[in-house]
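Hello,

Here is the structure I promised to pass on. My notes on what turned up in it follow below.

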Amino acid sequence: MANSELKPARVFEQFAKINKIPRPSKHEEKMIEYLKNFGESHGLETKVDETGNVLIRKGATPGMENKPTVIMQSHMDMVCDKLVDVDFDFSKDAIQTYVDGEWLHAKGTTLGADDGIGDAIELAILDSDDIEHGPIECVFTRDEETQLTGAFGMKPGFMTGKYLINLDSEEEGQIFVSCAGGKSTIAEFDFQREDAPEGYFFLEGSVKGLNGGHSGDDIEKKRANAIKLLSRFLYNEQEKMDLRLAQFNSGKMHNAIPRDGKIVFAVPSDKKEEVKADWNVYTKDVEDEFHVTDTTMVWNLASADAVKVIPKSVSENMIRALQAVDNGVFAMCQDKALEWMVETSSNIASVQSSDNCVEIVSSQRSNVMSNLQNMSNTVKAAFQLAGAKVTQTDGYPAWKMNPNSELVKIAVEQYKKLFGKEPIVKGIHAGLECGLFSEKYPDLDMVSFGPTLRNVHTPDECLYIPTVQMVWDHLLAILKNID
């Protein structure tokens, strides 16, 4: 199957155009301009708010003017990640895609189907003149992936519809009706670098090839976290000998499980062989621990050039905090109907070293806002005890299920008619903009669904092609039959 043969053609044509437009989070200017020009060139009412969200309004097809207005919504930014050996500039280069069987991939980078495929579906509807629908509003928000800036900045009244369909979910056949709230906890260790003691030997350790993944959707899958793996080794060696840390770099995005990382450290020269032996034993043990979830780990330990190190008092406490801090699932949902779903979790997302500071970013999520605060405070306290300066973002709210949703009833009914089976109606342990919309538009009736994606926020991101047609058919059926 070639790219030109993908169905529905009108959706994949739009997706191909979108993937030529640079759209990193916080740098969506070219995408905003593209959407604005698209709406205006089609003679459609087009608005851009102060934050940069774009709304394109299209009138009803003849005879359907009295139907309620439906909002379709997706976000215009994408997570930008690539393989370490791929030369790619997300600020100017076009995403290169290829088909492998029934899956669409990108060549060494994130695909941008999160949420470019949602954008493409909306544009395909706006571009079509053979689809039956009432009044519609297509909304494209900015900077969803880092701080939900678009949803936070949107003012009440920008959208006017009765129903909202969010197209930012990643499992066809599932209709989402609630989501977790979240916030980030950032720890900073400040210091003045110093020379390592005389007679110390420098080593560089690294790991790559982990699966990583989305820190909400994939947190319960027991995948290895590169930061936790490397800090475990440092902690073990620090307890046995005088270790001096120079560099720790791992992770890029606040909402991704880190898949690679590197540490540079020094030990007394007479301990280097012991460290090498410990490394070999440790890495073998870890490979055995994760023999199901992470089967392609690549470890390396080699000598390194001498550099200035972090003062021992700072690095010791930082390593202890990274060893101690909670990471992964903290609690499962208590409600019987949702006991399979993660309620509360935390993920150490990135550690970045500079000349005089190490910044550690972690993200916490929960469907219960009081436990979100508890989880965030647990992480905060661990780093405070280690002497870090700790700040927290304001976070975003959970989206509570509406048990009387008319839109859910219609979505389920149309899915059953189309495919002869029941969709799964569920919540998601990840942030959706619906949580913020529910605060500003308390009467808005919402659902979220989308085609099947795998390994989002990583260079392994891929889109299951047949599900795009299914989502397209389902969406058009809802638009035609909603009252």
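Helices α1 and α11 are roughly perpendicular to each other, because angles of 65 to 115 degrees fall in that class. Keep in mind that this is a predicted model. The crossing angle is roughly 115 degrees, and the two axes come within 10 Å. Helix α1 covers residues 9-18, and helix α11 covers residues 465-481. Their crossing is right-handed. From α1, the residues in contact are Arg10, Val11 and Phe12. They meet Ile465, Val468 and Trp472 of α11. By class, this contact between α1 and α11 holds five nonpolar residues, no polar ones and one charged residue.

Helix α5 (residues 226-240) packs against helix α6 (residues 272-289) at an angle of about 140 degrees. Their axes are 11 Å apart. On the α5 side, the contact is made by Lys228, Leu229, Leu230, Arg232, Phe233, Asn236, Glu237 and Lys240. On the α6 side, Glu274, Val275, Asp278, Trp279, Tyr282, Val286 and Glu289 take part. The contact of α5 with α6 comprises seven nonpolar, one polar and seven charged residues.

One single residue is also worth a look. Threonine 344 sits in strand β17, which runs over residues 342-353. Is threonine 344 buried or exposed? Its relative accessibility is 0%, so threonine 344 counts as buried. Leaving out residues up to four places away in sequence, threonine 344 touches Val329, Phe330, Ala331, Arg365, Ser366, Asn371, Met375 and His429.

Now the whole protein. It has eleven helices and 23 strands. The C-alpha trace spans about 85 × 45 × 45 Å along the principal axes. Buried residues make up 59% of the 483 residues. Among contacts with a separation of 6 or more, 80% join residues 24 or more positions apart.

Best wishes

Methods: Residues numbered from 1 in each chain as written. Predicted model: local features only at pLDDT ≥ 70, side-chain atom pairs only at ≥ 80, totals over all residues. Heavy atoms only, no water. Axes fitted to C-alpha atoms, helices over the stretch in contact; angles between N-to-C directions. Helix = DSSP H or I, 4+ residues; strand = E, 2+ residues; numbered from the N terminus. Contact = heavy atoms within 4.5 Å. Nonpolar A, V, L, I, M, F, W, Y, C, P; charged D, E, K, R; others polar. Buried < 20%, exposed > 50% of the residue type's maximum accessible area, 1.4 Å probe, protein only. Parallel < 35°, antiparallel > 145°, perpendicular 65-115°, else oblique. Left-handed = near helix turned anticlockwise from the far one by under 90°.
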